[in-house]
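Subject: Structure handover

Hi,

Here is the structure you asked about. Please open it alongside this email, and my notes follow below.

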Amino acid sequence: MRNGAVHVSITCDGDLVPARAEGRALADQLGFSRTEATLIATAISEIARNIVVHVGKGEVTLQPRYEERRYGLTVVAEDSGRGIRDIESALLDGVASHRGLGLGLPGARRLMDEFEIESAPGQGTTVRMTKWRVRDELERMREARRRREGSA
């Protein structure tokens, strides 16, 4: 783990399992519910699978996000493949360039709160997506008390 980030190399289908597991573990540490952790793991699986199918190798980086009123998990999937020619089409439901029952990019986008994709022919693709959870008042008060007690 570097600066709180977790990096997972993606080179084959077997790499989807540790990527999902790392995503679930980090989601748990950030206080996401089991359901939200499952959504995050599913989105990770979808974008990692795209790397395996379309490029063969890449990396998924999981980065915790800490803000006063919310915590989040940002997932960045990067590859140096041939890129996506038509991003708009790639984000449409039912448009897939390979056979399978996966949700693909449109599904990953639906599962997360923020989603952006950058791609250029011959320069690879970067997908960045974030899931947020609101920190309630009680949680923030407990944290403030722990900080006060720790500095006393």
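Start at R147, which is partly exposed because its relative accessibility is 49%, between the 20% and 50% cut-offs. Bear in mind throughout that this is a predicted model.

R147 has a partner. Its side chain meets that of E143 in a salt bridge, at 2.5 Å from N to O. Both residues lie in helix α5, which covers residues 137–151. They sit four residues apart, about one turn of the helix.

The pair belongs to a wider set. R133, R135, E139, E143 and R147 are linked in a network of salt bridges. Within it, E139 bridges to R135, with the closest N and O atoms 3.4 Å apart. Are those two residues buried or exposed? R135 is buried, at 2% relative accessibility. E139 is partly exposed, with a relative accessible area of 22%.

Salt bridges elsewhere

The structure holds nine salt bridges. One of them joins D13 and R49, whose closest N and O atoms are 2.7 Å apart. D13 lies in the loop between β1 (6–10) and α1 (16–29), while R49 is in helix α2, so the bridge ties together parts that are 36 residues apart in sequence. Both ends are partly exposed: D13 has 43% relative accessibility, and R49 has 31%. As background, side chains of opposite charge can pair when their charged atoms come close.

Helix α2 against helix α4

Two packed helices are described by the angle between their axes and the distance between the axes. Here α2 (residues 34–54) and α4 (residues 104–111) pack at about 155°, with their axes 9 Å apart. How are they oriented to each other? An angle over 145° counts as roughly antiparallel, and α2 and α4 therefore fall in that class. The crossing of α2 past α4 is left-handed.

Which residues make the contact? From α2 come L39, T42, A43, E46, I47 and N50. From α4 come G104, L105, A108 and L111. By type, the contact residues divide into six nonpolar, three polar and one charged.

α4 is mostly covered, with six of its eight residues buried. Those are G104, L105, P106, G107, A108 and L111. What do they pack against? The answer is α2, α3 (87–90), β4 (114–120) and β5 (124–134).

R34 is another residue to look up in α2. R34 is exposed, with a relative accessible area of 76%. Compare its position with that of A5: they are 29 residues apart in sequence, and their C-alpha atoms are 21 Å apart in space.

The whole protein

Now zoom out. The protein has five helices and five strands. Along the sequence they follow the pattern β-α-α-β-β-α-α-β-β-α. The C-alpha trace spans about 60 × 30 × 25 Å along its principal axes. Of the 152 residues, 40% are buried. Take the contacts between residues at least 6 apart in sequence: 64% of them join residues at least 24 apart.

Best wishes

Definitions and conventions: Residues numbered from 1 in each chain as written. Predicted model: local features only at pLDDT ≥ 70, side-chain atom pairs only at ≥ 80, totals over all residues. Heavy atoms only, no water. Axes fitted to C-alpha atoms, helices over the stretch in contact; angles between N-to-C directions. Helix = DSSP H or I, 4+ residues; strand = E, 2+ residues; numbered from the N terminus. Parallel < 35°, antiparallel > 145°, perpendicular 65-115°, else oblique. Left-handed = near helix turned anticlockwise from the far one by under 90°. Contact = heavy atoms within 4.5 Å. Nonpolar A, V, L, I, M, F, W, Y, C, P; charged D, E, K, R; others polar. Buried < 20%, exposed > 50% of the residue type's maximum accessible area, 1.4 Å probe, protein only. Salt bridge = Lys/Arg side-chain N within 4 Å of Asp/Glu carboxyl O.
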